Amino acid sequence: MSLTRHEIREKAFQALFALNANPDADENQLFQQLLNPDETAEMEIPAYLSTLVTGVREHQAELDAQIQPYLSQTWSLDRLAKTDLIILRIAFFELKFVDDVPDKVAVNEAIELTKAFSDDRSRKFVSGVLGKAVTNQAL
């Protein structure tokens, strides 16, 4: 089974959300559950899935520091919905560390993730943060 990059981003979001709740979970076991919920056979983990999940986790403090300036003065990362924060981390990671993903694609994919996993208000928020970040070329 071959996944598109969009599907891989969805799996990365789901993995990062689960790892946020349970940081000690086994990544490979989690990947297998996401890729093959019926557990019929062990699946090959797409390289881009590992890149996203490992990259976001390894650079989380740096990504959070890049996101923080785009929040209003009364908001902190702790106040953000976890779904929104994880989507922003994925997008900022792609914008900064993944050279073969154009900025427009990273932003559009983040908006698509909010449509799938959050609500319209979050979609507008994520779109606004990423729009400002790309415009400011802060990444």
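Biologist: What covers the buried residues of α2?

Modeller: The cover includes α1 (5-21) and α3 (47-58), with contact meaning heavy atoms within 4.5 Å. This is a predicted model, where local features need pLDDT of at least 70, side-chain atom pairs count only at pLDDT 80 or more, and totals for chains, interfaces and linings use all residues. Residues are numbered from 1 along each chain as its sequence is written, and side-chain values use heavy atoms, leaving out hydrogens and water.

Biologist: Which residues of helix α2 are buried?

Modeller: In α2 (residues 27-35), they are L30, F31, Q32, L34 and L35. Buried is under 20% relative accessible area, exposed is over 50%, and partly exposed lies in between (1.4 Å probe, protein chains only). Helices are DSSP runs of H or I with at least four residues, numbered from the N terminus.

Biologist: Which residues line the largest pocket?

Modeller: Among them are L71, W75, A81 and F125. Helix α7 (residues 120-136) gives the largest share of that lining, three residues.

Biologist: How do the lining residues of the largest pocket divide?

Modeller: Into five nonpolar, two polar and three charged. Ala, Val, Leu, Ile, Met, Phe, Trp, Tyr, Cys and Pro count as nonpolar, Asp, Glu, Lys and Arg as charged, and the others, Gly among them, as polar.

Technical notes: Helix = DSSP H or I, 4+ residues; strand = E, 2+ residues; numbered from the N terminus. 1 Å grid on protein atoms, 1.4 Å probe; cavity = no way out; pocket = protein on both sides within 12 Å on 5 of 7 lines; lining within 4 Å.
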